[in-house]
Amino acid sequence: MSKDRKHIIIIGAGFGGLYSAKELLKGNKNYKVTIIDSRNFHLFQPLLYQVATAQLAPEDIAYPIRAIFEKNKNITVLKEKVSSVDLDNMFINVDCGKLYYDKLIISVGVIPEYFGNANWQEVAPPLKTLEDALKIRRKILNVFERAESEMLHPCDENPLNFVVIGGGPTGIELSGALAELSKYTLKNEFRKIKPERAKIYLIEAGNSILNGFPKKLQLAAKKSLENLGITIKSNSKVIKIDAVKVEIETNGSTEIIESKVVLWAAGVKGNFANSILSTNNNIKFDKKGRVLVENNLTIPNYRDVYVVGDFANIADEKGMPLPGTAPVAMQQGTFAAKHIKGKSSKEFKYFNKGSLAVIGRNAAVADFGTFHISGFFAWVLWVVVHIGYLIGFNNRVLVLIKWAWSYFVRKSTSRIIYRSDMRSLRK
Ligand SMILES: Cc1cc2nc3c(=O)[nH]c(=O)nc-3n(C[C@H](O)[C@H](O)[C@H](O)COP(=O)(O)OP(=O)(O)OC[C@H]3O[C@@H](n4cnc5c(N)ncnc54)[C@H](O)[C@@H]3O)c2cc1C
C-alpha cells in the first residue's frame with residue numbers, strides 16, 4: 001500500500017461505521033477505505049420493533065451498504081465476518097485472508113446478554129437483528145392464528161399472553177407496539193377470538209421502568225403503558241423460561257405466567273470481546289465486555305485503532321459510561337474519522353441531544369436534561385428524529401408515508417407468515 005493512500009478499515013456498517021465512512025469520504029481522496037460487515041445491509045435498529053410487530057416491512061429499515069456508497073469509488077464494501085484482529089502487526093483476518101490497515105475503526109455493536117442463561121435465547125428471542133424481528137413477528141402472528149383455530153378444533157392450550165422482559169426503551173417500545181397490534185390492527189380480523197383481549201406483561205427487575213430517565217418521565221411512561229392495558233411487574237426477577245411459560249419472583253413470591261411469546265429486552269454485552277480482541281492483554285474491557293477506550297476513542301497503546309459506538313466504553317463528565325444509542329455512535333464515528341484526518345479536537349466530547357422512548361402509537365417520553373416532555377408531542381418529536389436518522393435511505397419519504405398511513409388507518413400489510421414459518425410453528 002503506497003504511503004500517500006492510507007488504507008483505513010472500518011469493521012461494522014452500523015451507525016458508528018457508516019458515520020466514520022461518510023466523514024472520511026468528505027473532500028479527501030487520500031484514503032482508501034474498506035468497510036466490512038457480516039451483513040450486506042445497514043440496519044436501522046431503532047425501528048426494529050416496528051418490524052417485529054408487523055407495522056413496517058424488513059426492507060423499510062434495512063438498506064444495502066453497497067447502494068449507500070455506490071458513487072464513492074475510493075470505498076470498497078466487503079461482506080465478511082471479521083474473525084480476529086492482529087493489533088501488533090496491523091491486519092485483520094477475514095475468510096478470504098489477511099487485510100492490512102494503516103488505521104482501523106471498530107464499530108461492531110453489542111449482542112444480547114442473558115446473564116448466564118444462554119439457553120433462554122431460543123425460547124425468549126432478543127430484538128437485535130432483522131432475523132430476530134422476523135422471528136418475533138412470526139411468533140406473535142402465529143399465536144393469534146393458532147388461538148383462532150383452537151376455537152374450532154381444540155388442541156393445545158394457547159393463551160393470548162405476551163411477556164416482554166426488560167423495562168428499558170426497547171421493552172416499552174415492544175410492549176406498546178404489541179398492545180397497538182392486538183387492540184387495533186388485528187381487532188376486526190378474527191371471528192372467534194378477540195385479539196384486543198390479549199394480555200401483555202412487562203417484567204422489570206428494578207423498581208421502575210425506564211431506569212435512567214427522570215422520575216416524572218418514568219411515571220408518565222408507566223401511565224401510558226397502563227392505559228394500553230399492559231401489566232407492569234417491577235421488582236420482578238425472571239427465574240425460569242421455557243416454551244410455554246415464564247416463572248418470576250416478585251418480593252419473595254413466585255408466579256407463573258403462561259405464554260408462548262416471551263421477548264427478551266433485558267440487556268446487552270460487548271460483541272466480540274471474548275474472541276478477536278480479548279486475546280490481546282493490553283486491552284481492558286468493562287463488566288459488560290465493552291472496550292475501555294482513551295479520550296480520543298483509541299485503544300490504549302494502539303493509537304491507530306479506534307473503537308466507536310456501542311462496543312466502546314467512554315465516560316461522560318459525571319463519570320458514567322455514555323449510553324448505547326445511535327447519536328453516541330454517530331458522533332463517535334464522525335470524531336474518529338476527523339481524528340484520522342487531523343481535523344478534530346484531542347478529546348471526544350459527546351453533545352447530548354436528549355433521550356427519547358416511544359410508547360405505542362401516540363405517546364413517548366423525551367428527556368432533554370433541563371426539560372422533559374411526554375405524551376403526543378414527544379411522540380411527534382420521536383417520529384421526526386427517527387425519520388431524520390434513516391441514513392442514506394432513498395426511500396425515507398416512502399417509509400414516512402407508510403408510517404403515516406398505518407398511523408391513520410391502524411392497518412399494515414407487513415403480516416405475511418411464510419410457508420416455512422408455518423412449518424416451524426407446527427414443530
Ligand atoms: C431494538 C432497538 C431499538 C433501539 N432504539 C434506539 C432509539 O430509539 N434511539 C437510539 O438512539 N438508539 C436506539 N438503539 C440503539 C442503537 O441502535 C445503537 O446504539 C446503534 O445501532 C449502535 O451503533 P454501532 O455502530 O455501535 O453498532 P450497530 O449498529 O449494532 O452495528 C454493528 C455492525 O457491526 C457488524 N458486525 C458485528 N460483528 C462483526 C464482525 N465480526 N465482522 C463484521 N461485521 C460485524 C454488524 O453486522 C452490524 O452491522 C436501539 C437498539 C435496538 C436493538
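Which residues come nearest to the ligand, of the 34 around it?

1. **Reading the model.** This is a predicted model, in which local features need pLDDT of at least 70 and side-chain atom pairs count only at pLDDT 80 or more, while totals for chains, interfaces and linings use all residues. Residues are numbered from 1 along each chain as its sequence is written.

2. **Around the ligand.** Gly 12, Gly 14, Gly 16, Gly 109 and Gly 309 come nearest, out of 34 residues around the ligand. A residue counts as near a molecule if its C-beta atom, placed from the backbone, lies within 6 Å of it. Two or more residues of this shell come from each of helix H1 (15-25), strand S2 (31-37), helix H2 (48-52), helix H7 (169-185) and helix H10 (326-340). Helices (H or I, at least four residues) and strands (E, at least two) are DSSP runs, numbered from the N terminus.

3. The shell holds 16 nonpolar, 13 polar and five charged residues. Here Ala, Val, Leu, Ile, Met, Phe, Trp, Tyr, Cys and Pro count as nonpolar, Asp, Glu, Lys and Arg as charged, and the others, Gly among them, as polar.

4. **Two domains.** The chain is divided into domain 1 (6-38 + 80-112 + 269-352) and domain 2 (120-266 + 356-426), with bounds from an automatic or database domain assignment. Their C-alpha centres lie 32 Å apart. Five residues from domain 1 and seven residues from domain 2 make the contact, where two residues are in contact if their C-beta atoms, placed from the backbone, lie within 7 Å. Each domain also gives at least three residues to the shell around the ligand.

5. **Overall build.** You will find 13 helices and 25 strands in the chain. The C-alpha trace spans about 70 × 45 × 40 Å along its principal axes. Buried residues make up 44% of the 427 residues; buried means that 20 or more other C-beta atoms, placed from the backbone, lie within 10 Å of the residue's own.

6. **The core.** The largest nonpolar core has 122 residues, and Ile 165, Ala 221 and Leu 263 are among those with the most contacts inside it. Such a core is a set of buried Ala, Val, Leu, Ile, Met, Phe, Trp, Tyr and Cys residues joined through C-beta atoms within 7 Å. H10 gives the most to this core, with eight residues. Not counting residues up to four places away in sequence, Ala 221 touches Ile 172, Ile 209, Leu 210, Ala 357, Ile 359 and Val 365.

Methods: Buried ≥ 20, exposed ≤ 12 C-beta atoms within 10 Å, placed from the backbone.
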